[in-house]
Amino acid sequence: MDLFVYGTLRHDPLFALVAGPGLGAVKTAATLRDYAVDRALGSEYPSLLPRDGALAEGAIWSGLTDAQRERLDIYEIAFGFRLQPMLLTRADGTRGMAIVYLPPDTDQSACEPWSLERWRAARAEVTCLAAVELLAHSPPLTPPELFRQWPMIEGRASAVLRARASVAPARRRHGADPTDQSYHHAKPLDGAFFKLAAMDIQHRRFDGGTAGPLRREVLVGCDAALVLPYDPVRDRVLLVEQFRSGPARRGDPNPWCLEPVAGIVDAGETPEAAGLREAQEEAGLTAVTLEHMFSFYPSPGASTDHFFCYLGLTDLPDLASYSGGLAEEAEDLRLHVLGLDEALALVESGEINAGPLIAMLLWLERKRQGGGV
């Protein structure tokens with residue numbers, strides 16, 4: 001039976017990614033009577049809702065292969081959609097039955113029409129990249145698991161777009177050409193929050209030859225915004241203390257770490273906005289002015305993590321320590337307000353052992369010495 005699409009699958013690049021290769025499929029305009037395509041409450045995605053007198057615009061795909069239908073089913077059912085045959089009207093006025101993916105019953109309307117053009121401008125690129133990761137899971141993600149993982153999947157897709165758009169200076173290092181390196185995944189991604197990617201990589205050697213294919217494993221994380229709150233009037237900083245699983249797994253006798261304010265950059269969010277949000281969520285700071293320090297890969301041989309680091313100029317409270325973080329995110333944080341010199345002494349003693357905080361404190365000390373803050 002033919003397939004009617006009315007939402008993001010009307011975007012041909014996304015449809016091609018999800019459906020996969022196949023010959024003979026034909027797309028024609030069509031409408032569904034007494035249904036409307038609204039923006040779903042709390043998102044930029046569409047929801048098909050019954051409404052007397054409304055007309056949902058879309059397209060009918062004919063001639064899809066069984067393999068294409070299976071891939072489309074995996075994608076839509078993962079989001080909780082269900083199949084339903086319905087009577088459609090083609091652009092030439094003929095009517096006939098087609099399969100429609102109906103949204104979950106929990107979907108609510110934002111009380112405004114969904115716009116394909118607005119979605120294309122704001123979300124198409126990140127959705128296409130996220131779809132590639134979603135379809136790479138084996139076995140496919142269940143709807144509850146996808147619901148839990150989707151923010152991170154979109155966050156990783158946003159990080160890819162941010163990386164592609166970034167400036168890549170090469171005054172001393174190799175000036176890379178897109179053809180200088182390539183990789184393909186050796187097996188499906190593994191992990192429920194971060195992902196472990198096993199890849200076979202080839203890259204240009206400095207002697208002009210080619211290295212590889214080389215099997216490498218990389219932890220696929222998200223971009224993060226880091227903020228070192230600093231009170232320039234009282235010359236003091238705020239540090240975040242929390243338990244960390246990395247040092248615990250390594251066998252460190254004290255896996256509680258002192259760090260800057262930090263958090264993942266959500267999909268559709270700028271690093272600056274993420275930094276301000278985290279300053280409020282973790283430390284209760286609402287009046288913060290950000291100054292960009294630097295951005296870097298903390299462990300480029302093992303992780304995709306990329307950190308955007310900021311000085312957060314603010315008025316810090318007259319408290320030696322206080323609690324912070326969000327209970328709904330299971331955050332158990334203790335905030336410490338201390339002089340910059342004391343924080344630098346903790347670097348010297350080894351009590352501060354998180355690399356990003358060390359770099360940020362040393363950056364601030366250099367700025368202070370130069371009279372820049």
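1. Let's start with Arg 118, which is partly exposed because its relative accessibility is 33%. Do keep in mind that this is a predicted model. Arg 118 pairs with Glu 112 in a salt bridge, and their closest N and O atoms are 3.1 Å apart. Glu 112 is partly exposed as well, at 26% relative accessibility.

2. Next, have a look at Asp 231 and Arg 236. Their salt bridge has its closest N and O atoms 3.9 Å apart. Asp 231 has a relative accessibility of 2%, so it counts as buried; Arg 236, at 14%, counts as buried too.

3. Arg 368 and Asp 341 form another salt bridge, with 2.6 Å between the closest N and O atoms. Arg 368 sits in helix 8 (residues 355–369) and Asp 341 in helix 7 (residues 340–349), so this pair ties together parts 27 residues apart in sequence. Arg 368 is partly exposed at 22%, and Asp 341 is partly exposed at 48%.

4. Salt bridges with shared partners also link Asp 231, Arg 234, Arg 236, Asp 315 and Asp 318 into one network. Across the whole structure, a search finds 30 salt bridges.

5. Now for the nonpolar side. The largest nonpolar core has 45 residues, of which Phe 4, Phe 15, Leu 48 and Leu 72 touch the most other members. Helix 3 (residues 116–135) supplies the largest share of this core, 9 residues. A second, separate core of 23 residues includes Phe 307, Leu 346, Val 347 and Leu 364.

6. Leu 48 is worth a click. Beyond its neighbours within four places in sequence, its contacts include Tyr 6, Leu 32, Tyr 35, Val 100 and Pro 103.

Definitions and conventions
Residues are numbered from 1 along each chain as its sequence is written. This is a predicted model: local features need pLDDT of at least 70, side-chain atom pairs count only at pLDDT 80 or more; totals for chains, interfaces and linings use all residues. Side-chain values use heavy atoms; hydrogens and water are left out. A nonpolar core is a set of buried Ala, Val, Leu, Ile, Met, Phe, Trp, Tyr and Cys residues joined through side-chain atoms within 4.5 Å. Buried means under 20% relative accessible area, exposed over 50%, partly exposed in between (1.4 Å probe, protein chains only). Helices (H or I, at least four residues) and strands (E, at least two) are DSSP runs, numbered from the N terminus. Contact means heavy atoms within 4.5 Å. A salt bridge is a side-chain nitrogen of Lys or Arg within 4 Å of a carboxyl oxygen of Asp or Glu.
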